[in-house]
Each structure stands twice: as C-alpha cells, then as structure tokens.
Amino acid sequence: MKTIGIITVVILLSFGFSKNVTKVKITNKSEVTIKGKSNVNSFECKYNPDFIENDLQVSIARNNNKIVLEGAKLFIRSTGFDCAHKMITKDFKAILKAEDYPHIVINVKEINTIKENITAKLNVKIAGVEREYLVPVIFNSNTNNVKGQLKLNIKDFKLKSPKKLLGMVVVNDNVDINFNLFLQY
C-alpha cells in the first residue's frame, strides 16, 4: 500500500513537468556592457567577446508558464571589461575586487512567461555577495537571441564607488548591465 502511495505522489509531482538536458552555447557574437554615471560624465564598460563563449549543460523542467533551469550558470571574468579609458577600466576592476573575485557569476534559475512578457529569475554573485533579481527579457526565436537589462546598486554587493579629485568626482552607485546573448542549442 505504501508503494502505491509513493508512486501516486511521484506521478502527481511530475504531472505537468517535462525535464530534459540540453547543451547550450553562448556564442562570441554576444555582448555584455555595464553602463554607469558620475556627477561629471557617464561611462560604458564592454566585455571582451573572446571571453564570452560558454558551453553549458542545462537541465530544463517545464510547468505551465514556468521553466526551471539547472546548470544555466554564466561565469564572467571580472578582468574582461574595457571601459575605453585606462583609468576608468582600472577603477572599475578595483570596484569589482577583480583580484580577489575573478568572476561575476550569473545563475539563471527560471524563466516565466505570461502572455508576451518574459522574466528571468537570476542569482547574481559579485565579489562574493549573491542577490536575486527578476529581469524582463526579450527572446527572438528566429535568431536565438536573448536581450535584457539588469539594473542594480553596487552597494547591494558591499562594493564602494570610487571618488576622484578629492571627492569632486563621484560615481553613482546604480549601474545597468545590458546583455545581448546569441545562443546555439
């Protein structure tokens, strides 16, 4: 009798779920940029596309409008950004504590689709501190392209923005991470 009960629970729990594992490659056509501002100017740091290419083994479980992912973890080199100005790039890497924390880790936990709206639940880990975000994304099935923008405050990760020229130039704590990923699977 216990066996029938256990089988029934397993069937009920798995009803509506289909799970499979697929290989996903993020191609070097992809782009990741971080945009920020100071009280004087704005800056944009672009990630080196040669570091982008990742092969991931992703486990996908679907249930109605939710897709739960395992293994969709992106490792972004903290030293892989170029801010088009040597001093800004150096300061940016110092903010990220790149020497102590060589990677920013973005773990895509799930994707929710309601009508035309798609949101991704992400865990973002910067300098050893992890936070969860819901990010609206756009997916183009013809090009397997995912675009989105993650807005975050660096203080959430216990990071400090630099002050230059005796505090006359102050970098804003809010930054935008823009991603434009091209996938193959």
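## Basis of the model and burial

A residue is called buried when its relative accessible area is under 20%, exposed when this is over 50%, and partly exposed in between, with a 1.4 Å probe and protein chains only. N107, placed in strand β8, has 13% relative accessibility and therefore counts as buried. Strands (E, at least two residues) and helices (H or I, at least four residues) are DSSP runs numbered from the N terminus.

The structure is a predicted model, in which local features need pLDDT of at least 70 and side-chain atom pairs count only at pLDDT 80 or more, whereas totals for chains, interfaces and linings use all residues. Residues are numbered from 1 along each chain as its sequence is written, and side-chain values use heavy atoms, with hydrogens and water left out.

## Overall make-up

The protein chain contains two helices and 14 strands, and of its 185 residues, 39% are buried. Its exposed surface comes to about 12100 Å², of which carbon and sulfur atoms supply 55%; such areas come from the Shrake-Rupley method with a 1.4 Å probe, and for residues only the protein chains shown count as cover.

Contact here means heavy atoms within 4.5 Å. Among the contacts in the protein chain that link residues at least 6 apart in sequence, 61% join residues at least 24 apart.

## The nonpolar core

A nonpolar core is a set of buried Ala, Val, Leu, Ile, Met, Phe, Trp, Tyr and Cys residues joined through side-chain atoms within 4.5 Å. The largest one in this model has 45 residues, and those with the most contacts inside it are F81, V124, I126, L152 and F157. Strand β14 (residues 174–184) provides the largest share of this core, with five residues.

When neighbours within four places in sequence are left aside, L152 is in contact with I126, Y133, F157, D173, N174, V175 and I177.

## The largest pocket

Pockets and cavities are both found on a 1 Å grid over the protein atoms alone: a cavity is a set of points where a 1.4 Å probe fits but cannot get out, a pocket is an open set with protein on both sides within 12 Å along at least five of seven lines, and lining residues have an atom within 4 Å of a point. Grid points are joined across faces, edges and corners, and a volume is the space filled by probe spheres set on the points.

The largest pocket holds about 930 Å³ of space and is lined by 37 residues, with L69, V108, I111, V146 and L183 lying nearest its centre. Strand β4 (residues 54–63) gives the most to this lining, namely five residues. By class, the lining of the largest pocket has 30 nonpolar, five polar and two charged residues, where Ala, Val, Leu, Ile, Met, Phe, Trp, Tyr, Cys and Pro count as nonpolar, Asp, Glu, Lys and Arg as charged, and the others, Gly among them, as polar.

## Enclosed cavities

There are two cavities of 30 Å³ or more. The largest cavity has a volume of about 130 Å³, and of the 15 residues that line it, F92, I95, L96, I154 and V175 are the closest to its centre. The elements that give two or more residues to this lining are α2 (86–95) and β14, and the lining consists of 14 nonpolar residues and one polar residue, with no charged residues.

The second largest cavity, with a volume of about 30 Å³, is lined by V32, I34, I76, F81, I104, I106 and I177. Strands β2 (31–37) and β8 (103–114) are the elements that give two or more residues to the lining of the second largest cavity, and this lining has seven nonpolar, no polar and no charged residues.

## Individual residues

N54 lies in strand β4 and, not counting residues up to four places away in sequence, touches V24, K25, I26, L74 and F75. The C-alpha atoms of N54 and N28 are separated by 8.7 Å, the two residues being 26 apart along the chain. N107, with residues up to four places away likewise not counted, touches A72, K73, K121, L122 and N123.
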